[in-house]
Amino acid sequence: MESIDRCRHKLLLSEVKTDIWSIGDNMKFLPGFDVWEGSLEYDEAEFVKGGIAYLLPRLNSTLGTLHKDDLFDKHWREATSFMKIPYFVYSPYFSGYDNWNWLRQNLPAGIVTCAVDIEIARDGYSPEEYSRNVQYLLDNMRGVGMIPVIYTGGGYTGLLNPWPAGRYWWARYPYSMYPAETTHVTWEQLESMIDALAWYPNDPTKIPGECRLWQCSGDRLIVPGTSRTIDVNISNMTAEEFAVYWKLPAVQMPSTGVIDLTTRVNTLEATVNELTANVSAILNALEQTNINVSKNISGIAEINAKIAKVKETL
């Protein structure tokens, strides 16, 4: 029997004009690109021809300043033919609270899944403190119904101690995907390079959680549709499995009438989760207040009893 999530996505995507579940069917792994403001302009239609199923636009700078990428809104708005997951660069120069507050104010409406990039080092910042603040962000994301995926790689494992449990997007570049110099490749060449890979983002014992997304090439390959190098990612899932696993709404795909509905549903779900958490906190506070009041009443009764005994001796 199909899961509720799978049936829900099939229903929501039934009006899509293109059979999106066929994307990447001829490839061994499902390909996608992560993009940032340095990517400048790229041809989405050309990416579609190449079988690219998803994009991961960067939300903010890697300089640690919590500055929104100048082209994020444009990249997000124009990527109508792809599944999309934004990625947020965590800054250790701000508290977990400040990172969370900035993130929720700058994410597009209706986002459920968001990657959290852990790569910025800060001198004198202990791995334990870094970990506690990142965990605060992740807990708050999950508290409003979001799915965080941690984006990092082997060169950054010393930044946190411990690393949080959860889903991971791992960066590791095999030599076959990371030529010594910038290289132009055709779609056919890229497909052959991907098909030659075995699924091995890293030694599974070195990744703190489940990894279903692998950045297998970075800043080396130039594909049709762009004049800039682009990072290549793959997933060991079909397009349908990818959408269900990451709970990507139909707003990610071109359709008629489904976009607003899905966005509203996701936004309402997140709002209900947040309100539920707030109500729970209020009830706990009221309960504590009632306990304190009861203690005070009990104390007054004891004082009155002592006064009565004193009066009896007079």
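**Close-up views of a predicted model**

**View A. Helix H5 and its surroundings.** Helix H5, residues 127-143, has 17 residues and reaches 24 Å from its first C-alpha to its last, close to the 24 Å expected at 1.5 Å a residue, the expected span being 1.5 Å times one less than the number of residues. Helices (H or I, at least four residues) and strands (E, at least two) are DSSP runs, numbered from the N terminus. This is a predicted model, in which local features need pLDDT of at least 70, side-chain atom pairs count only at pLDDT 80 or more, and totals for chains, interfaces and linings use all residues. Residues are numbered from 1 along each chain as its sequence is written, and side-chain values use heavy atoms, with hydrogens and water left out. Among the buried residues of H5 are Tyr-130, Val-134, Leu-137 and Met-141, where buried means under 20% relative accessible area, exposed over 50%, and partly exposed in between (1.4 Å probe, protein chains only). An α-helix has 3.6 residues a turn, so residues three or four places apart point the same way. Gly-145, with a positive phi near 90°, follows H5.

View B. The bond from Asn-161 to Pro-162 is cis, with omega near 0°, and Pro-162 lies in the loop between S6 and strand S7 (167-171).

View C. Asp-219, in strand S9 (residues 210-222), has a positive phi of about 55° although it is not a glycine, and counts as partly exposed because its relative accessibility is 44%. Lys-247, in the loop between helix H7 (239-245) and helix H8 (258-313), has a positive phi near 50°.
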